[in-house]
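Thank you all for coming.

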Amino acid sequence: MPTEEIRVCGTVQGVGFRPTVYRLAKACGLRGDVCNDGQGVLIRVSGSEEAITKFVARLQTECPPLAKINQLTRIIYERELKFDNFVISTSVSNAIKTEITPDAATCPQCQQEIFDPFSRFYRYPFTNCTHCGPRLSIIRAIPYDRCNTSMSAFGMCSECAKEYHDVENHRFHAQPVACHACGPTAWLERADGKSLTASMFSMMDDVDAVCTLLQKGEIVAIKGLGGIHLACDATQETAVEKLRQRKRRYHKPFALMARDIEIIEEYCTVNPKEKELLTSPAAPIVLLQATGKKVVAPSIASGQNTLGFMLPYTPLHHLILRRMNRPIVLTSGNLADEPQCIDNDEAREKLGKIADYFLFHNREIINRVDDSVVRVIDDKTQTIRRARGYAPAPISLPLGFQNVPQILAMGSELKNTFCLLREGEAILSQHLGDLENGAAFNAYQDTLNLYLNLFEHQPEIIAIDKHPEYLSSKLGKELADTNQIKIHQIQHHHAHIAACMAENGIPLDSPPVLGIALDGLGYGDDGILWGGEFLLADYRKFQRLATFKPIAMIGSDQAIYQPWRNTYAQLISANLWNDCQQQYSDLEIVKFLNKKPLKLLNQLIDKGINSPPASSVGRLFDAVAAAIGIYRDECSYEGQAAIAMEAIVDVSSLNNYKETPKYPFNFIFSDRIYCIDPRPMWQALLDDLQQQIPKPVMAAKFHKGLANAIVEMVKHLCQENLINQVVLTGGVFQNCILLDQVTKRLQTLRIKVLTHSLVPANDGGLSLGQAVIAAAQLIHEY
């Protein structure tokens, strides 16, 4: 009788794959066994050839909802199988090649159980099954078995053990399975250490009491799946503003959670694609267009026309929101820019002056995992922050990258992720934040060490950004020196382009694309800060064909947070400041700038003191926003002015490319490179300011003019270099209007446009690009 060994690789552990194998093998009349090991799932079966073939076919078509088969191989098994039936065998430890599954939102069946008074999981906040619940957030090692998770501290009761071993139960081999009798517990504390009042106990339980506290305007720190959140009623401005002041997050939008889609639709429009994302196992925050029918507190997302909503993704959240018929704020539990707290004692120390109450539990969070953020543009998902629900699911690499050695890419300074490359796939870490914060950098190192150990990853090459001051690059150099590993320094914008190429499946040896990378800034090959680049690029190399005119960033990083500095630098560069004094002296922006120490600023520019030139389109956006009166004086986070300007755009002015006015840009050729010069745009903008043209119209004219300049440059470069494929990348292309305008106009020219979906266009996707470039360069060397 034929006997085969079947190897299955992919997302096949902790997702109900072995139970599915078991059921299908029994249905096909096979005998043998299935087990987890370091490479995935190993199946040994004996039966008729027809039965085995049918089994394999059904395995691929009836894969569990959270599973993903990347590879299935069948070989003849030469030894004797000593099984009379089909069984699930004990996991085997060997070389780690399998995947770790992302945390998954509560499935419908578990939701039903926690609200069913006749279920033993009624109101149990840690209910989960094979198809949902914690994964990455609780894992210490693989194989993914209970002993390798933070659930090892909780022994199963007889009832849970019975379900765990019952092949017909949806908790069959669900590692975090637990109940009221044997699992983690949640409890409520006052932040001031005082005892809870007797009135609190009139609630059903401590979790239910949280809802009442939120309705009363209190701030509650809630320990969830991958971290601790701060929550308050999103409709009470007093509570929201209190949270902002205590947390020191003065302007960045707050994420919202609502009980169900119906509540979200009272505040935002939700199209079918957005609904699909909200209700998916990943359950990310989805940026939605606000309708204005019902409004949240004004300071939730000041200066924006979108709201970031998510649905409850754990039983704990479902139970808290059961009686809540309005949205709540659910933002990371930290002080501004610090990592999210994950430990109870740490939260008491750091959040004690922010929260009024704590809802804690005693299941340890091993891996800090922030909430993912996505949006839908033209029915396509755009990932802004890749974390819970998505990381660390691997990204399959294009043809040509199958046999590259192990590579570690360290990522950027801001919005950091790192990337492990191995055997044709990239494992991108969850979003780790901005490394300039000391606590965030420490968390980055801890997470990196955890991943290297989990995946037994021993890199032969380390890829870093070329910027000499990035902490990720410095750490990469230290690791390379300590372990005598070769290091590859990767140019920032080349990495952006390569990341987009990789996620779009462009094969290794494909001809070059025209990559357009627009962002805040990155270290250029000439030692100048770049941020508006047109690169002829493949995975191995690039040639800079065009750029935006470099403009001084007066005060360096201060220019990021004080947009007026960019306005003044632009006007000086365009030789328009004298005109401003003579023709436009009554304009608010001119009056504002005249109050600044212009003599000192001019000296900084002339002598190049702390005012590096940068071709940054991000800073151009800031300059225009400040000129028309949007966050002119100060911003609390990078891009705040630009985001606010996008939000006020008069959309009706965008619909007709030819008839609606747009601001003009010049094109010059200097030093063997084309350059986009914004001087005429500034002349036209000053005229509009003098004529008191409404801000939304000026914002629209700028977006249209910039899109037109980009498209005209692309037309010229594609013709000159015989290219028909363009990559749009960098944080500036998170601007929906600019992305839409450029994409549609290029498509009308029959130019193929590649954009991001799986990984962020911002620096969160940079490590993927670094990794594939290093791999391509290594292959080329051989």
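Let me begin with helix 12, where the exposed residues D481 and T482 sit on the face turned away from the buried side; here exposed means over 50% relative accessible area, buried under 20% and partly exposed in between, with a 1.4 Å probe and protein chains only. Before I continue, please keep in mind that this is a predicted model, in which local features need pLDDT of at least 70 and side-chain atom pairs count only at pLDDT 80 or more, while totals for chains, interfaces and linings use all residues. Residues are numbered from 1 along each chain as its sequence is written, and side-chain values use heavy atoms, with hydrogens and water left out.

Helices (H or I, at least four residues) and strands (E, at least two) are DSSP runs, numbered from the N terminus. Which residues of helix 12 are buried? They are S472, S473, L475, G476 and A480, and because they cover an arc of only 160 degrees around the axis, they lie on the same side of helix 12; the arc is that of the directions from the helix axis to the C-beta atoms. Among what covers these buried residues are helix 11, strand 20 and strand 21, and just after helix 12 comes Q484, with a positive phi of about 55 degrees.

Now to the sheet, which is open and has six strands in the order 16-19-18-17-20-21, with mixed pairing; two strands pair if DSSP finds at least two bridges between them. Strand 16 and strand 21 stand at the edges with a single partner strand each, so one side of each has no neighbour in the sheet. Strand 20 and strand 21 pair in the parallel sense over five bridges, and I461 stands opposite K486 in strand 21.

Finally, the aromatic rings: those of Phe, Tyr and Trp (its six-membered ring) pair if their centres lie within 6.5 Å, and planes under 30 degrees apart count as stacked, over 60 as edge-to-face and the rest as tilted. The whole structure has 17 aromatic pairs. In one of them, the rings of F401 and Y539 have centres 5.1 Å apart and planes at 85 degrees, so the pair is edge-to-face; it links distant parts of the chain, 138 residues apart. F401 counts as buried because its relative accessibility is 0%, and Y539 likewise counts as buried, at 1%.

How values were computed
Contact means heavy atoms within 4.5 Å.
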